[in-house]
Amino acid sequence: AVAAALYLGAAREVEIRSRGRDIAFVVAPLAGLDCANLYGHDITAQKQAEERYRALFDQMTEGFALCEIICDVKGEPYDYRFLEINPAFERLTGLKQQDATGRTLKEILPDAEPIWVRKFGAVALTGEPVRFDQWEESLGRHYAVFAYRTAPSQFAVVFQDITQRKRAEAESRQSRADLKRAQEVGQIGSWRLDVRRNVLAW
């Protein structure tokens, strides 16, 4: 790094690990001289924090995506770009990291529901977090979503696949509706006995 900095005549940054510590150096050549100053500081704690974050990021059961909103000339959100996603994102959407990272929603899913851009655009521009459930036809899945702003024009999304839960709820509603219709047609009813209070409810 020192030789490269002297050859190029420009400062260079380098990180090394020595005796269990991580050190970041800036190599700054001295003008007109065949030598350089080295400025270093201990970044061990920072590295350890990054490793803990990465482990948590990779082991999350919820999908996670860091994105930036894209606005038109009028400042209205019309798309967003995926900056980073975790492994659970791939599992819950079927979209691979290499296909999603750096690309926009409309590039990946041109037929995606427009509510995604509308909801996330509001989060990125106003800073107000949002929580909602949404069906995505192009993926055939239902998601529970929480989104919050991380920086100006950027937002993070944490989500779960609730397709099975929504399907079970729909089937339960349908079963109740079918039972009600059957009782009406057969002119019969149902009752519930509260054994503790000895009360029969019709």
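In the predicted model, Asp133 is partly exposed, with a relative accessibility of 38%. Its side chain forms a salt bridge with Arg165, in which the closest N and O atoms lie 3.7 Å apart. This pair links distant parts of the chain, since Asp133 belongs to strand E6 and Arg165 to helix H7 (residues 163–186), 32 residues apart. Arg165 is likewise partly exposed, at a relative accessible area of 43%.

Arg165 also meets Glu169 in a salt bridge of 3.5 Å, N to O. Both residues lie in helix H7, 4 residues apart, or about one turn of the helix. Salt bridges with shared partners join Asp133, Arg165, Lys166 and Glu169 into one network. Glu169 is partly exposed, with a relative accessibility of 32%.

In total, the structure holds 5 salt bridges. One of them joins the side chains of Arg81 and Glu68 at 3.3 Å, N to O. Arg81 lies in strand E5 (residues 77–85) and Glu68 in strand E4 (residues 63–71), so this pair ties together parts that are 13 residues apart in sequence. Arg81 is partly exposed at 26% relative accessibility, and Glu68 is partly exposed at 27%.

Ser138 is located in the loop between strand E6 (130–136) and strand E7 (141–151) and is partly exposed, with a relative accessible area of 36%. A polar contact of 2.5 Å connects the side chains of Ser138 and Glu136. Beyond residues up to four places away in sequence, Ser138 touches Leu109 and Ala112. The C-alpha atoms of Ser138 and Leu109 are 7.3 Å apart in space, while the two residues are 29 residues apart in sequence.

Methods. Residues are numbered from 1 along each chain as its sequence is written. This is a predicted model: local features need pLDDT of at least 70, side-chain atom pairs count only at pLDDT 80 or more; totals for chains, interfaces and linings use all residues. Side-chain values use heavy atoms; hydrogens and water are left out. Helices (H or I, at least four residues) and strands (E, at least two) are DSSP runs, numbered from the N terminus. Buried means under 20% relative accessible area, exposed over 50%, partly exposed in between (1.4 Å probe, protein chains only). Contact means heavy atoms within 4.5 Å. A polar contact is a pair of N or O atoms within 3.5 Å; within protein, one must be able to donate a hydrogen and the other to accept it, and residues adjacent in sequence count only if both atoms are side-chain atoms. A salt bridge is a side-chain nitrogen of Lys or Arg within 4 Å of a carboxyl oxygen of Asp or Glu.
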